[in-house]
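Biologist: Please take me through this one, and start with how its parts are counted.
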Amino acid sequence: MFTIRAARDSLSDMPGIETGRLSIAALRPEDAQALRRLTDDPAITAAVDFLPTPFTLQDAEDLIRSGARGQDRFLGAWRRATAEDDAQGSSGRELVGVVGTHLRGAGVIEIGYWIGGAARGRGYAFEALSAIIEALRQRFPARTLVAECRPANVASWGLLLKLGFRDTGEDGHRPGRRLLRRD
């Protein structure tokens with residue numbers, strides 16, 4: 001006799017996603033230098049509590065490796081080349097942001113993100129998060145999506161509300177943050 005075990009939830013094989021302006025995929029070891037360049041910004045490391053300052057190449061490599069067990073996965077949002085890039089002979093491929101996805105307990109997925117300074121205010125976060133949320137909803141329909149945000153971070157708070165998250169009234173696990181839920 002044999003036993004069939006249910007597949008364990010994992011983020012390790014999340015497929016890549018293409019949007020109008022972005023290619024979104026799990027960060028790979030060869031992306032470490034681009035991740036370091038994007039993330040070694042005091043505005044980012046001050047806002048994301050687990051990121052050290054300065055954010056080194058070793059930190060980038062460690063962050064990418066942290067997805068090996070499938071409970072956490074960091075996805076890079078890469079700006080896709082445009083016709084203008086092609087005309088200028090540029091590859092146009094640029095890491096503009098990172099979205100972290102994290103399985104929390106039996107029924108929750110937490111998301112978090114950061115966007116590079118030059119890319120902020122251009123709609124990349126909304127575009128990337130909308131696509132990732134849709135992929136997570138299809139893959140894990142029974143799980144609830146949550147995010148933690150400081151209410152004083154007006155841009156991120158507003159973005160999460162625009163994406164359908166609602167303030168739960170609960171404090172988050174990280175200092176100064178509130179828990180938002182998207183059902």
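Modeller: Helices (H or I, at least four residues) and strands (E, at least two) are DSSP runs, numbered from the N terminus. The model is predicted, so local features need pLDDT of at least 70 and side-chain atom pairs 80 or more, while totals for chains, interfaces and linings use all residues. Residues are numbered from 1 along each chain as its sequence is written, and side-chain values use heavy atoms, without hydrogens and water.

Biologist: Which strand gives the most to the lining of the largest pocket?
Modeller: Strand 5 does, contributing six residues.

Biologist: New topic: where's the cis peptide bond?
Modeller: Thr-53 and Pro-54 are joined by it, with omega about -5°, and Pro-54 sits in the loop that runs between helix 2 and helix 3.

Biologist: How do helix 1 and helix 3 cross?
Modeller: The axes (lines fitted to C-alpha atoms over the stretch in contact) of helix 1, residues 32-39, and helix 3, residues 57-65, come within 8 Å and cross at roughly 115°. That makes the two helices roughly perpendicular (65 to 115 degrees).

Biologist: Which residues make that contact?
Modeller: With contact meaning heavy atoms within 4.5 Å, helix 1 uses Ala-32, Gln-33, Leu-35 and Arg-36, and helix 3 uses Leu-57, Ala-60, Glu-61, Leu-63 and Ile-64. By class, the contact of helix 1 with helix 3 has six nonpolar residues, one polar and two charged.

Terms used
Axes are lines fitted to C-alpha atoms, for helices over the stretch in contact, and angles run from 0 to 180 degrees between N-to-C directions. Angles under 35 degrees count as roughly parallel, over 145 as roughly antiparallel, 65 to 115 as roughly perpendicular and the rest as oblique. Ala, Val, Leu, Ile, Met, Phe, Trp, Tyr, Cys and Pro count as nonpolar, Asp, Glu, Lys and Arg as charged, and the others, Gly among them, as polar.
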